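Subject: Structure handover

Hello,

Here is the structure for your files. My notes on it follow below.

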Amino acid sequence: MPRAVLRLTGIVLLLLAGIALSPFGARIPASLIRRWCRWLVRAAGVRVRITGAAAPTGGLLLVANHISWLDIPLLTAVRPARMLAKTEVRRWPVAGPLATRGGTLFIDRDRLRALPDTVARIARALREGAAVAAFPEGSTWCGRAQGTFRRAVFQAALDAGVPVQPVRIGYRLAGGTATTAPAFVGDDTLLASLWRVATTRGLVAEVELRAPIPPGTHSDRRSLARAAQPQETAAPAWTHTVLVA
């Protein structure tokens with residue numbers, strides 16, 4: 001219990017530091033942003049294992065499966081990027097202001113008419129040399145199952161002529177057993193998820209960077225999304241429902 005409280009305190013302090021520094025935006029070195037993201041994950045008691053091809057410089061679309069709120073600092077630890085998030089995130093306490101000041105691109109999933117404009121804004125950011133990170137499944141999954149990558153965000157990569165780098169994220173215990181403890185799904189609250197992560201011992205985040213998909217290798221967003229879609233992995237030993245209960 002004391003260890004979990006200490007971890008939560010560390011997370012809150014780092015988030016407050018992030019909010020305080022966020023107005024400085026582009027003037028913050030990328031190396032410091034990566035370091036801050038790794039500190040945030042480590043403060044939660046999570047060890048990080050990153051493998052695979054390094055993220056290229058210049059405009060890049062990073063796409064990953066989505067399990068937890070931890071996925072966001074993990075992706076940014078790979079390469080600082082503008083996140084693509086649902087508009088509801090804007091209204092979240094602490095995380096909302098931090099995301100907005102950090103240059104997050106917001107997508108309104110309930111307004112299909114707004115989708116072309118969102119794709120155009122993403123493509124513009126990519127052309128300007130920014131990395132944009134997205135979770136094309138559109139929602140978090142417990143890790144036992146996964147969703148299908150939605151195609152819209154891949155159109156932005158096609159329009160901008162930039163590579164796509166698929167990233168596979170998974171969580172295991174120190175002994176190697178897959179776990180859904182970090183999953184943030186269903187009626188879960190952020191506080192409940194934070195507490196579950198903070199009280200889980202030996203949690204390891206595995207981040208696998210797949211080879212970047214060069215521009216021009218796929219003619220349409222459907223085939224590009226299919227190429228970037230990570231393959232299913234073995235199911236964890238427990239379900240998220242059991243862990244929450």
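**Salt bridges and surroundings**

Asp 117 is partly exposed, with a relative accessible area of 46%; buried means under 20%, exposed over 50%, and partly exposed in between (1.4 Å probe, protein chains only). This is a predicted model, in which local features need pLDDT of at least 70 and side-chain atom pairs count only at pLDDT 80 or more, while totals for chains, interfaces and linings use all residues. Residues are numbered from 1 along each chain as its sequence is written, and side-chain values use heavy atoms, with hydrogens and water left out.

Asp 117 forms a salt bridge with Arg 121, with 3.5 Å between the closest N and O atoms. The term stands for a side-chain nitrogen of Lys or Arg within 4 Å of a carboxyl oxygen of Asp or Glu. Both residues lie in helix α5 (residues 115–127), four residues apart, about one turn of the helix. Helices (H or I, at least four residues) and strands (E, at least two) are DSSP runs, numbered from the N terminus. Arg 121 is partly exposed at 26%.

The whole structure holds four salt bridges. Another of them pairs Arg 172 with Glu 206, the closest N and O atoms being 3.2 Å apart. Arg 172 lies in strand β6 (residues 164–173) and Glu 206 in strand β7 (residues 203–209), so this pair ties together parts that are 34 residues apart in sequence. Relative accessibility is 27% for Arg 172, which is partly exposed, and 23% for Glu 206, also partly exposed. Arg 49 is linked with Arg 172 and Glu 206 in a network of salt bridges. Arg 210 and Glu 208 form a salt bridge as well, at 3.0 Å between the closest N and O atoms.

The protein has nine helices and seven strands, and 47% of its 245 residues are buried. Leu 60, in strand β2 (residues 60–64), counts as buried because its relative accessibility is 0%. Beyond neighbours within four places in sequence, its contacts (heavy atoms within 4.5 Å) include Arg 79, Leu 126, Val 132 and Val 164. The C-alpha atoms of Leu 60 and Ala 160 are 9.4 Å apart, although 100 residues separate them along the chain. Of the contacts between residues at least 6 apart in sequence, 78% join residues at least 24 apart.

Regards
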